[in-house]
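Subject: Structure for your review

Dear colleague,

Please find below the structure that I am handing over to you.

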Amino acid sequence: MPFNCMAGAKSLKDEPLPCVKEKNVIELFLNMILYHGSPNKIVVPQFGLGEDRHDYGKGFYLTEDLELAKEWAVCRPETESGFVHTFDLNANELNIFDFEKESILCWLGELMKHRNADDSKRYRMLSEKFIKKFGKDTSRADVIKGWRANASYFYIAKAFVRDDVDMDILEELMQLGGLGIQWCLKSKKAFANIKEISDPIAIDYHEFNARYNERDAAARSKMKALIDSDKNKVEKVFSVLVTEK
């Protein structure tokens, strides 16, 4: 489904807007300001680059949240440089697959296509069944929009695939992680519709790396408390969801 006038409703107090023709309303939905955090001062988005083991596979990843982009720019331990690049994305006629409109299980199924939450034989066998049951085909999407699987996500994922987490608390766990929403450009059409619109912003590594690590540590602490609480019934768990009719 191409980008449409309903897509931005969440940012406007969840009130859907009609597809009116006033220029300012149309531009609100067709042009997005997105940020890309990177240790590199020069970044050129190119179709076909990236690694398949990233959240949504190969692609170019961005966020609407400037503060998160600053943290993501300096979250890698092997470098102490960081820059935020500002891009304009013309979303007109782009096919955007939005995981915020899908179930949490659908999103997990997509991540399982690209990232391993466990390296056991049991997980390899059950994850294939999980993807088949809950996953969706995103191969025709120009852009994929959904949560970012940061370090705290893997804390949840490992507990989930080991049957330590009930499905009923999954969404709350994800919210505790403060994962943030990212946009992943997938197609040649999407890459043709993006351009950098300002000079890169240099990021203070020590300040924002500390913020990233503090956010992750706080998230894990809250997640552990929820997993250990009575709210976690440990009934509708990973293996049960895969095998139940």
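In this predicted model, Tyr61 has a relative accessible area of 15%. The cut-off for a buried residue is under 20%, so Tyr61 is buried. Tyr56 is likewise counted as buried, because its relative accessibility is 1%.

The aromatic pairs may be taken next. The count for the structure comes to 11 aromatic pairs. In one of them, Tyr56 and Tyr61 are stacked, with 6.4 Å from centre to centre and 20 degrees between the planes. Another of the pairs consists of Phe130 and Phe238, whose rings are tilted: the planes stand 40 degrees apart and the centres are separated by 5.5 Å. This pair links distant parts of the chain, since Phe130 belongs to helix H4 (residues 121-134) and Phe238 to helix H9 (residues 238-243), 108 residues apart. Phe130 and Phe238 are both buried. They also belong to one aromatic cluster, together with Tyr123, Phe134 and Phe160.

Arg148 lies over Trp72, at 4.4 Å from the ring centre.

I turn now to the strands. How much of strand E5 is buried? Four of the five residues of E5 (residues 143-147) are buried, so this strand is largely enclosed by the rest of the structure. E5 pairs with strand E4 (residues 96-98) through three bridges, and these two strands run parallel. Within that pairing, Phe97 has Ile144 of E5 as its bridge partner. E5 is also joined to strand E6 (residues 181-185), in this case by five bridges and in an antiparallel arrangement. Here Trp147 is partnered with Ile181 of E6. As a general point, side chains in a regular strand alternate between the two faces of the sheet.

Finally, two helices deserve mention. Which way do H5 and H6 run relative to each other? The axes of helix H5 (residues 151-161) and helix H6 (residues 170-177) come within 9 Å and cross at roughly 160 degrees. Angles over 145 degrees count as roughly antiparallel, and H5 and H6 are therefore roughly antiparallel to each other. The crossing of H5 past H6 is right-handed.

Yours sincerely

How values were computed
Residues numbered from 1 in each chain as written. Predicted model: local features only at pLDDT ≥ 70, side-chain atom pairs only at ≥ 80, totals over all residues. Heavy atoms only, no water. Phe/Tyr/Trp six-rings, centres within 6.5 Å; stacked < 30°, edge-to-face > 60°. Buried < 20%, exposed > 50% of the residue type's maximum accessible area, 1.4 Å probe, protein only. Lys NZ or Arg CZ within 6 Å of the ring centre and 35° of its normal. Pairing = 2+ DSSP bridges. Axes fitted to C-alpha atoms, helices over the stretch in contact; angles between N-to-C directions. Parallel < 35°, antiparallel > 145°, perpendicular 65-115°, else oblique. Left-handed = near helix turned anticlockwise from the far one by under 90°.
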